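Please look over the fold shown here before reading the notes. A short briefing by topic comes after it.

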Amino acid sequence: MLTKADDYPVHQRPEPIATAGTDRNFYDRYFFNGYSADGSVFFAAALGVYPHLNVMDAALSVIDGGVQHNLRASKLLAMERMDTTVGPIAVQVIEPLKTLRLVVGKNDHGIAADITFHARALPVEEPRFTYRMGPLTFMDYTRLTQNGSYEGWIEIGGKRIELSRERIVGTRDRSWGVRPVGLANPQGAAPPRLPQFYWLWSPLNFPDRFMLYHNNADAAGKPWNTASVIGPAGDGEAEHMAACWSTIDYKPGTRHAKHATIQTRDARGGEWRAEMTPKFNFYMSGIGYGHPEWGHGRYHGELAVGYDSFKTAEVNENEPQFQHIQAFVEARLTGPNVDTSGTGVLEQLVVGAFAPHGLTGIFDPAP
């Protein structure tokens, strides 16, 4: 089937764009987060396309006054990937790799927004994420990450939150490829095994630079994909670190950090260290990650829009849908001739065993 994208010279296969290979788990996704330095403003948004599930979904979550408001929408894709509007939520690319706009129009839930992302650094291509369970490909995707600033506004129940580039910074990513979407595979890896997934991601913003770090590791603690980048604000090229690692102190009775440290070594042997202190959690289920009803790629019919909210201080962090978080962090970065402070997030999803931290079971909390 021909769609609008077929008039652009972006084909990668000898078939129309609407067909993305043969894997039903192929996806293509936008993600944004933004926050003020004092944490009084925090929002995240996403829009995902699932070509073979014929679904597009989107979400905006905002923490205001200790309450996380979550607006979600889903529509039948009808194989048209160029129309990046899902009910009231739309993402527009104003200038590729530099400027993107998120608009939330009129809806029944009192949330509206007009937010523009401006790059404050060049995008970074992360190492390709390929993870297999025996012969079964669980993940195989590419992601670009870019730090930036925001301008615009968000309205919640008639209250307007103004966003300015001087006050609001954050990170966006784009990822595409294969990972579990829609309903779970009824026949997973053979022989069956307990779930295990260790994931840390930390994009940090400092006044004159940014830092990225991620780690996917197996149950023994061996990374299968890890990297760190430190780069300048502006158009300068980022430096990929020669080595990186992290340590975490957990909040007792949870799988979430009360303090974390990232250490890296650059190509000249310079040692870098980021000390992070989490201040509060943003719950990723707000934008669909692991949500039992609004999980990514779920089919809700021609068009569906939903809303819920919760007080973040009252969340049971040990419930499965609240395990995946982005903790807003204050960070101090030290390195060769550098000592600076900033903010960012420490995204955490730790499922199953992780021997270096003494974690057992599927969601058994840290001691």
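The notes below go from the whole chain to single strands and residues.

This is a predicted model, in which local features need pLDDT of at least 70 and side-chain atom pairs count only at pLDDT 80 or more, while totals for chains, interfaces and linings use all residues. Residues are numbered from 1 along each chain as its sequence is written, and side-chain values use heavy atoms, with hydrogens and water left out.

**Whole chain**

- The chain has 23 strands and zero helices; strands (E, at least two residues) and helices (H or I, at least four) are DSSP runs numbered from the N terminus.
- The radius of gyration is 20 Å, close to the 21 Å that the globule rule gives for 367 residues, so the chain is as compact as a globular protein of that length. The radius is taken over C-alpha atoms, and the rule is 2.2 Å times the number of residues to the power 0.38.
- The C-alpha trace spans about 55 × 55 × 45 Å along its principal axes.
- Of the 367 residues, 55% count as buried, where buried means under 20% relative accessible area, exposed over 50%, and partly exposed in between (1.4 Å probe, protein chains only).
- Among contacts (heavy atoms within 4.5 Å) between residues at least 6 apart in sequence, 61% join residues at least 24 apart.
- The mean positions of the 34 positive and 40 negative charges are 2 Å apart. Lys and Arg count as positive and Asp and Glu as negative, without His and the chain ends; the charges are placed at NZ of Lys, CZ of Arg, CG of Asp or CD of Glu.

**The nine-stranded sheet**

- An open, antiparallel sheet is formed by nine strands in the order S17-S16-S15-S14-S23-S22-S20-S19-S18; two strands pair if DSSP finds at least two bridges between them.
- Strand S17 (239-240) and strand S18 (243-250) are at the edges with a single partner strand each, so one side of each has no neighbour in the sheet.
- S18 runs antiparallel to strand S19 (residues 257-265), and eight bridges join them. Within this pair, Tyr-250 has Ala-257 in S19 as its bridge partner.
- Thr-264 lies in strand S19 and counts as buried, at 0% relative accessibility.

- In strand S2 (residues 42-50), nine of nine residues are buried. Phe-42, Ala-44, Ala-46, Gly-48 and Tyr-50 point one way, and Phe-43, Ala-45, Leu-47 and Val-49 the other way.
- Strand S1 (residues 26-36) is joined to S2 by eight bridges and runs antiparallel to S2; Tyr-30 has Leu-47 as its bridge partner in S2.
- Five residues separate S1 and S2 in their hairpin, and Gly-39 in the turn has a positive phi of about 80 degrees.
- On to strand S3 (residues 55-64), S2 makes nine bridges, again antiparallel, with Phe-43 opposite Val-62.
- The S2 and S3 hairpin has four residues between its strands, and Asn-54 in the turn has a positive phi of about 60 degrees.

**Arg-174**

- Arg-174 is in strand S13 (residues 168-178) and is buried, with a relative accessible area of 16%.
- Thr-142 is 32 residues away from Arg-174 in sequence and 8.3 Å away in space, C-alpha to C-alpha.
- Beyond its neighbours within four places in sequence, Arg-174 contacts Asp-28, Arg-29, Tyr-30, Thr-142, Arg-143 and Leu-144.
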